[in-house]
Amino acid sequence: MLCPYCQQPLLKGHIQTRGEAIKWLREEKEKPIIESRWKIGEGEIALGHYRFIGGDDVEAYCCPACHKIIIDYK
Ligand SMILES: [Zn+2]
């Protein structure tokens, strides 16, 4: 797969956590002080496949040339 920004080859990999869900949220939304580590709230997008034991894991592609990480969320 090639980077859509610079057309260089992407490196396939993962973004992982040990206990928290990986999610996207809008710029103006801040992370609450108290919230479960795996909650995906209204308007948020789950990026990985969260498991209570093991945390989250999402396939991601890295472009070393332009320093971008690309994730499919569905
Ligand atoms: Zn690139």
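Student: In the hairpin of β4 and β5, which residue takes a positive phi?
Tutor: This is a predicted model, in which local features need pLDDT of at least 70, side-chain atom pairs count only at pLDDT 80 or more, and totals for chains, interfaces and linings use all residues. Residues are numbered from 1 along each chain as its sequence is written. The hairpin has four residues between its strands, strands being DSSP runs of E of at least two residues, numbered from the N terminus. The residue with a positive phi, near 60 degrees, is H67.

Student: Over how many bridges do β4 and β5 pair?
Tutor: Two strands pair if DSSP finds at least two bridges between them. Y61 stands opposite I70 in β5, and the antiparallel pairing of β4 with β5 runs over three bridges.

Student: Which residue of β4 stands opposite K12?
Tutor: Strand β1 (residues 11-16) pairs with β4 (residues 57-63) in the antiparallel sense, over six bridges. L11 has C62 of β4 opposite, while the residue opposite K12 is Y61.

Student: How many residues of β1 are buried?
Tutor: A residue is buried if 20 or more other C-beta atoms, placed from the backbone, lie within 10 Å of its own. Strand β1 is hardly covered, and among its six residues the count of buried ones is zero.

Definitions and conventions: A residue is buried if 20 or more other C-beta atoms lie within 10 Å of its own, exposed if 12 or fewer, and partly exposed in between; C-beta atoms are placed from the backbone.
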